[in-house]
Amino acid sequence: MSARKHVLVFRELPDDQLARLRAVHDVTVANPKVPAQRAAFDAALLTAQGLIGSSYPIDRGLLEAAPRLEAVSSVSVGVDNYDLAALHARGIVLCHTPGVLDETVADTVFALLMATSRRVVELSNLVRNGEWTKNVGEDLFGFDVHGKTLGLLGFGRIGQAIARRAALGFGMPVLYHARRPVDLGAQAPELQARAIHTPLDELLARADFVVAMLPLSESTRGMINADVFARMKPGAIFINGGRGATVDETALLAALDGGRLRAAGLDVFAKEPLPLASALRTHPRVTPLPHIGSATHETRHAMAELATTNLLQALAGEQPTAVYDTASA
Ligand code: DGY
């Protein structure tokens with residue numbers, strides 16, 4: 001049996017997953033974002049061999065304060081909070097949670113498609129506010145979703161789950177832009193001839209909905225800028241379910257106010273939680289969500305379970321189920 005190690009949990013984990021960790025390791029739970037727990041977090045870093053959590057930047061400085069660290073397990077699929085080069089240089093294993101959240105995030109993105117196009121939040125508020133005093137007229141009509149063209153920026157597992165909903169459920173032609181065409185015959189045969197790899201310019205010109213599902217890296221930061229919005233079809237709806245910082249938010253507001261975009265549905269923002277002063281918070285044609293892509297009971301539990309399994313495997317010297325290749329950064 002391997003020796004007990006020290007694990008630092010830096011964001012809450014479900015009790016059953018904490019129990020799995022405690023059965024084999026010594027565990028400290030301390031969230032550095034909670035001022036009262038900061039000192040405990042800093043102290044635990046000094047001896048931590050495993051870290052598990054999410055939504056906190058694990059940068060070079062923090063890693064330097066953790067001299068015994070062997071493995072970091074993120075309860076997220078995105079790894080933009082981690083200094084990949086520093087982890088790689090130290091030989092620290094990074095694990096994440098791909099696969100278990102795809103369908104849930106796709107549901108959230110589809111909720112935003114429907115909400116923006118059919119003006120669900122705005123019209124629900126009209127009823128709540130006691131303003132439903134006559135039949136809704138043309139000024140409050142929405143636009144159809146079914147049959148419209150979907151353009152996906154990014155076509156990983158989540159993009160493909162969105163494409164399935166669109167193509168098979170809503171009869172939507174699907175265009176996608178990715179670095180290279182996906183082998184749909186092998187990965188998603190049901191999308192063959194239904195989702196078409198398309199040059200960016202053509203996708204932007206044809207899509208009624210442009211959905212961004214891009215990971216954040218130095219090559220995608222600010223990629224959806226004024227030039228990209230200007231090339232979208234007039235009246236398009238923009239949805240972001242990937243990472244906020246892939247979008248130039250000033251350019252997005254200009255595209256909404258200038259009339260190029262009909263609406264935007266946003267689950268992610270450059271700065272989260274969204275600052276009160278952000279014009280995106282109250283813009284009448286923006287449907288903002290508080291980064292809830294994967295936030296269902298079932299899926300957050302599945303993510304915590306996979307992250308816990310990954311960490312237990314890594315600390316036992318085994319190959320984790322889902323390891324991120326930090327060398328590829
Ligand atoms: C992820 O897993 O990366 C989601 O965005 C939740 O953080």
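**Figure 1. Secondary structure and overall dimensions of the predicted model.** The protein comprises 13 helices and 13 strands, taken as DSSP runs numbered from the N terminus (helices: H or I, at least four residues; strands: E, at least two). This is a predicted model, in which local features need pLDDT of at least 70 and side-chain atom pairs count only at pLDDT 80 or more, while totals for chains, interfaces and linings use all residues. Residues are numbered from 1 along each chain as its sequence is written, and side-chain values use heavy atoms, with hydrogens and water left out. Along the principal axes, the C-alpha atoms fill a box of roughly 70 × 50 × 35 Å. Of the 329 residues, 48% count as buried (buried, under 20% relative accessible area; exposed, over 50%; partly exposed, in between; 1.4 Å probe, protein chains only).

Figure 2. S117 belongs to helix α5 (residues 102–118) and is buried, its relative accessible area being 2%. A polar atom of the S117 side chain lies 2.8 Å from the backbone oxygen of F143. Beyond its neighbours within four places in sequence, S117 is in contact with G142, F143, D144, V145, F209 and I237 (contact, heavy atoms within 4.5 Å).

**Figure 3. A nonpolar surface patch that includes V136.** V127, W132, V136 and F141 make a nonpolar surface patch of about 410 Å². Such patches are made of residues with over 30% relative accessible area and no salt bridge, nonpolar side chains (Val, Leu, Ile, Met, Phe, Trp, Tyr) being joined within 5 Å and like charges within 9 Å; a salt bridge is a side-chain nitrogen of Lys or Arg within 4 Å of a carboxyl oxygen of Asp or Glu. V136 is found in the loop between α6 (120–128) and β6 (150–153) and is partly exposed, with a relative accessible area of 35%.

How values were computed
Accessible areas come from the Shrake-Rupley method with a 1.4 Å probe; for residues, only the protein chains shown count as cover. A polar contact is a pair of N or O atoms within 3.5 Å; within protein, one must be able to donate a hydrogen and the other to accept it, and residues adjacent in sequence count only if both atoms are side-chain atoms.
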